[in-house]
Amino acid sequence: MTAVAVPVESGLRPAPTVLKRPEHTVEIVSDSGEGAQKCGQIFGAVSAKMGNGVWTVEIIPAEIQPPPRTAEGASGNRIRFGTGPVTNWGDETNLVIAFNEQVLLGRHLLGTMAGDAIVLLENSWATNSNPDIRAAWDKALAELSAQSYRIIEVPMEEQCLTIDENPRKGKNMFALGLLAYIYDRSLERIEDQIAYAFRKKSEEVFQRNVALMRLGVEWAAANLDFRIDVPTHPPTEALVVMNGNEALGMGALASGMELCAMYPITPATSVSHYLAEVFTKFGGILHQAEDEIAAVGVAIGASYAGKVAFTITSGPGFALKTEFIGLAVMTETPLVVMNVQRGGPSTGLPTKVEQSDLLAALFAEPGDAPRVVIAPATIEECFHSVITARQIAETFRAVVIILSDANLSTGVQPFPRPQLKKEWLAPELDLAPVKEGQRPYEWDARMGTSTRAIPGQPGGMFTVTGLSHDEGSKVAYDAGVHQHSTAMRSRKLAVLQQTLLRPALYGDQDGDLLVVGWGSTKGAIEEAVDRARAEGIRASSVHLTFLSPLQPGLKEIFSRFRKVMTVEINYSDQRGDPFITEENRRRGQLAMLLRAQTLCDVDCWTRVPGEPLRPGLIHKAIRDAALTPGGDQP
Amino acid sequence: MQSDERVVAALSAVRPQIALFRFAVSGTLERARATLASESGPSQTRVALGDFAGGRIDPDRFAMVSAGSAPLDVIGRAVVERAAEALESLLRAGDEEFVVDVHPGTSPAAAIRARMTTLGSAFGAATLVELVRRRTYDPVQHGLPFKEHPFEKWTAGERKLAPPVVVRVDGRDLDAFELAPLLDGCVRLVLLVDEPCPPAPLARLVSPGVFVAQAGDMKVVEKVADLDGPAVIAVMKGTEARFVHDPRAGSAIWQRIEVTHMPDTQPRKSLGTRSAWQQRDDLAHLKALVEQPVLPANSADALIAAIGGGNADPAERLTAWLLDQSSRAGVA
């Protein structure tokens with residue numbers, strides 16, 4: 001259904017219909033470089049500040065500069081916001097603003113749009129001088145009009161040209177004005193947010209953007225016959241609004257990290273962008289090394305010398321760092337490694353989310369290289385996980401890997417403003433003389449822990465080596481020493497595991513199905529569990545944040561459910577696919593781990609769509625698993 | 001006393017040293033606090049682990065691991081807490097802590113020692129914190145010297161971090177021999193001398209590594225900002241001798257000392273503990289220090305001729321001459 005908005009004399013025009021909704025999902029999509037993401041970021045931030053729960057996801061094409069006007073090249077932002085908390089990106093889009101019909105078609109073909117979605121579509125392409133473009137418009141509109149969408153053509157370019165002569169500029173602010181009108185956002189807050197977004201630009205740029213935004217508001221007020229009310233609840237406590245990468249960067253500051261050594265890689269790079277702006281103000285050093293290997297080497301060297309250091313990367317970079325991570329394990333040099341996962345293998349899907357690095361994080365090194373792996377599940381946890389990671393790394397002289405992902409890294413969510421604590425900071429470097437006779441790896445025979453010596457301490461110098469060594473760091477190849485030192489490095493994880501608590505269940509303590517997740521899928525899984533439980537399905541979920549070592553009690557928890565199933569954004573063979581049998585079926589990575597660790601029959605439902613999992617799909621998987629006979633745990 | 005313009009100027013001149021001392025005290029306080037924080041059991045561990053650990057890590061158990069060696073006992077904790085209190089007290093104190101008023105007729109050295117003993121409590125606290133951290137603290141052996149830590153017990157490192165002291169003193173009470181033991185490490189004494197005063201009370205303190213000056217204003221104090229050694233500077237009002245002995249100015253004493261003013265008249269009356277003769281002797285000593293040793297012209301020529309001219313390396317020439325003098329030429 002296509003509708004062309006027709007201006008109506010203001011005095012005769014009926015009041016717009018106000019549609020009240022508990023939540024709504026909006027997408028703004030354009031070609032790369034047209035600013036749809038900035039529009040979405042501003043709208044999301046303002047919605048959060050006004051008191052909506054918000055979860056935003058960036059829509060990023062796989063290529064940096066894809067061809068314009070292509071279905072695959074859609075770039076933009078998706079904002080799900082509601083009256084209550086929002087923990088994931090949801091299922092379908094309710095309203096789309098598209099800067100051309102091809103990117104809109106792309107979203108339609110991906111099935112992201114609700115059947116009754118409202119579409120505000122730039123219509124200048126319909127009369128473009130290029131006949132191919134006009135033909136493409138007609139074809140796409142034929143397809144889209146066959147759906148039940150409500151398509152409203154908007155003369156964005158025509159309107160924007162009244163203020164800015166560059167037709168590629170300004171549509172995003174005009175679109176922001178449309179959204180401001182539709183959802184009744186505070187224009188003052190929007191202007192504040194525009195000022196922040198363009199803080200490095202001139203006053204003239206700010207004023208032009210504000211004028212474009214207000215033009216959008218005016219056009220919408222004059223032409224749209226509806227508004228949508230998603231009630232806000234102004235927050236009672238101070239909130240911060242940020243994405244997961246900013247949260248990781250702030251967590252690094254809050255935990256007293258002193259050095260970040262990295263090499264740019266999507267989607268991790270923006271952590272370093274953030275730190276580049278602020279780290280030096282806190283005495284930190286951001287070092288962009290010549291490659292991934294050098295970056296982790298610098299971090300290890302700095303840590304060995306007494307600095308609190310970390311490195312950040314994504315899957316392909318993590319692969320390159322593996323040898324050095326093994327060195328950190330062998331030398332028991334405290335190190336925090338942040339891996340913002342993306343689709344793989346190899347360079348894979350640089351801008352798309354996946355949870356396929358779990359087993360690599362656990363086992364990538366040759367030899368036995370035990371390390372701690374934790375996975376924040378929310379943007380707030382991205383912040384707090386760094387503080388815990390640093391503490392564990394230094395307490396156990398261990399490598400701690402934080403597994404984030406592209407969903408968290410670019411998603412934006414409000415959360416309570418952290419009350420910073422001095423205790424989070426790394427304590428002052430202890431340069432007191434090393435105890436006489438103390439050896440660099442004087443392992444506590446029970447716990448495997450040892451007191452760290454810093455080269456700057458009197459008596460703290462020792463020859464550090466990646467070779468097998470004894471307590472004095474002397475290279476030793478004999479069987480007894482290697483057996484003992486390997487046991488000590490492993491024992492630390494067992495000790496850490498003994499300090500962990502059993503994970504909390506979401507839902508009942510027993511039932512037909514337990515869904516096990518990790519990382520950024522938490523919100524979607526719990527929403528899906530809620531829907532299933534509302535249907536009477538006895539489903540619960542548990543979300544694991546410690547992947548190595550695993551939290552205790554899992555086997556006992558699993559035993560209380562008829563079926564256990566992981567939900568993950570990584571690949572697993574589907575039952576019924578050609579050649580796939582129960583014997584050769586490859587399962588999701590957490591499922592493999594849990595099966596090995598608990599000897600329970602843990603099933604899995606995994607997908608690698610290059611986007612976050614939708615609660616609706618998980619809900620369907622839960623229903624299928626819970627209601628399908630067979631596959632019960634023995 | 002603080003309103004005295006000279007005191008204000010002197011404090012301003014030694015501000016970098018005061019800042020350095022306070023920085024050291026602050027660092028020690030941080031260390032004490034860190035010790036308490038890192039070893040103060042589950043509640044602190046819970047905070048330090050952060051919110052991510054909430055409900056996932058048992059802070060009691062984690063604290064047992066993170067304590068590493070034996071946790072602090074009650075006495076050790078009390079010692080560190082008291083050390084932290086003492087350090088905080090020192091940091092709260094104002095500039096007056098670095099100013100000493102010497103009552104006329106009393107010993108300035110004793111007054112300075114008393115103040116250094118108080119300020120030195122920072123070093124005592126630091127020592128105890130380290131002993132506790134290393135689990136080697138013994139109450140009987142080490143005591144609780146938070147209120148005082150006499151200069152005599154300061155280590156070489158502590159003397160390097162010595163706080164500066166501005167001393168307002170009656171010139172009659174100045175006694176170089178009493179002050180000499182205090183000149184060690186990087187001690188800075190700025191003496192604001194009231195009249196009457198002997199003409200060269202500090203002349204006897206001139207020794208190779210000590211900066212000694214008698215001056216009419218504070219400018220000379222700035223010269224010791226980057227000096228790695230002790231300094232004593234008397235800022236005087238009258239016609240006393242003016243000189244600067246800077247250890248960095250040369251290897252010979254006449255290179256290091258510069259006298260810009262000598263009194264026109266010789267002392268004829270005793271002043272304080274110094275007799276007139278002693279005062280005259282101080283001036284004579286100062287004069288002697290300034291004198292450049294000069295060889296008779298012909299003896300210098302003879303020496304040069306003896307060790308050989310030409311372009312040979314001076315060390316080689318001197319070696320050859322010495323060997324020749326000892327009849328061992330050709331042995332080397």
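Predicted model: local features only at pLDDT ≥ 70, side-chain atom pairs only at ≥ 80, totals over all residues.
**Entry 1: confidence**

I started with the scores. The model has ipTM 0.91 and pTM 0.75. I then took the chains in turn. Chain A has a mean pLDDT of 94, and 98% of its residues reach 70 or more. I noted one stretch of chain A, residues 1–10, where the pLDDT is below 50. Beyond near neighbours in sequence, residues 1–10 of chain A have 22 contacts in the model. Which elements of chain B have the lowest and the highest mean pLDDT? I found the lowest, 63, in helix 14 of chain B, residues 297–307. Strand 6 of chain B, residues 242–245, has the highest, 96.

**Entry 2: the interface**

Next I looked up where the chains meet. I found 36 residues of chain A in contact with 24 residues of chain B. Between them, chain A and chain B bury about 2500 Å². Of that area, 60% is on carbon and sulfur atoms. Which residues of chain A lose the most area to chain B? They are Glu428(A), Thr499(A) and Leu501(A). Together these three account for 20% of what the chain A side buries.

**Entry 3: helices 6 and 7 of chain A**

I turned to helix packing. Two packed helices are described by the angle between their axes and the distance between the axes. I took helix 6 of chain A (residues 187–197) and helix 7 of chain A (residues 203–223). Their axes come within 10 Å and cross at roughly 145°. I noted a right-handed crossing of helix 6 of chain A past helix 7 of chain A. From helix 6 of chain A, the contact uses Leu187(A), Ile190(A), Glu191(A), Ile194(A) and Ala195(A). Helix 7 of chain A brings Phe206(A), Asn209(A), Val210(A), Met213(A), Arg214(A) and Val217(A). By class, I read 8 nonpolar, 1 polar and 2 charged residues in the contact of helix 6 with helix 7 of chain A.

**Entry 4: helices 8 and 9 of chain A**

I looked up helix 8 of chain A (residues 244–254) against helix 9 of chain A (residues 269–278). They pack at an angle of about 45°, with their axes 8 Å apart. So helix 8 of chain A is oblique to helix 9 of chain A. The crossing of helix 8 past helix 9 of chain A is right-handed. The helix 8 side of the contact consists of Asn245(A), Glu246(A), Leu248(A), Gly249(A), Met250(A) and Leu253(A). On the helix 9 side I listed Ser270(A), Val271(A), Tyr274(A), Leu275(A) and Val278(A). The contact of helix 8 with helix 9 of chain A divides into 7 nonpolar, 3 polar and 1 charged.

**Entry 5: helices 10 and 11 of chain A**

Among the contact residues I noted Ile293(A), Val296(A) and Ile300(A) of helix 10 of chain A, and Leu320(A), Phe324(A) and Ile325(A) of helix 11 of chain A. The class count for the contact of helix 10 with helix 11 of chain A is 8 nonpolar, 2 polar and 2 charged residues.

**Entry 6: backbone checks**

Gly344(A) and Pro345(A) are joined by a cis peptide bond, with omega about 5°. I placed Pro345(A) in the loop between strand 14 (335–341) and helix 12 (358–363) of chain A. In chain B, the peptide bond from Glu195(B) to Pro196(B) is cis, with omega near -5°. Pro196(B) sits in the loop between strand 3 (188–194) and strand 4 (211–215) of chain B. I also noted Arg69(A), a residue other than glycine with a positive phi, near 55°. Arg69(A) is in the loop between strand 4 (53–59) and strand 5 (75–82) of chain A.

Key. Residues numbered from 1 in each chain as written. Chains lettered and ligands numbered in written order. Heavy atoms only, no water. Contact = heavy atoms within 4.5 Å. Helix = DSSP H or I, 4+ residues; strand = E, 2+ residues; numbered from the N terminus. Nonpolar A, V, L, I, M, F, W, Y, C, P; charged D, E, K, R; others polar. pLDDT = per-residue confidence, 0-100. Buried area = accessible area lost by both parts, 1.4 Å probe. Axes fitted to C-alpha atoms, helices over the stretch in contact; angles between N-to-C directions. Left-handed = near helix turned anticlockwise from the far one by under 90°. Parallel < 35°, antiparallel > 145°, perpendicular 65-115°, else oblique.
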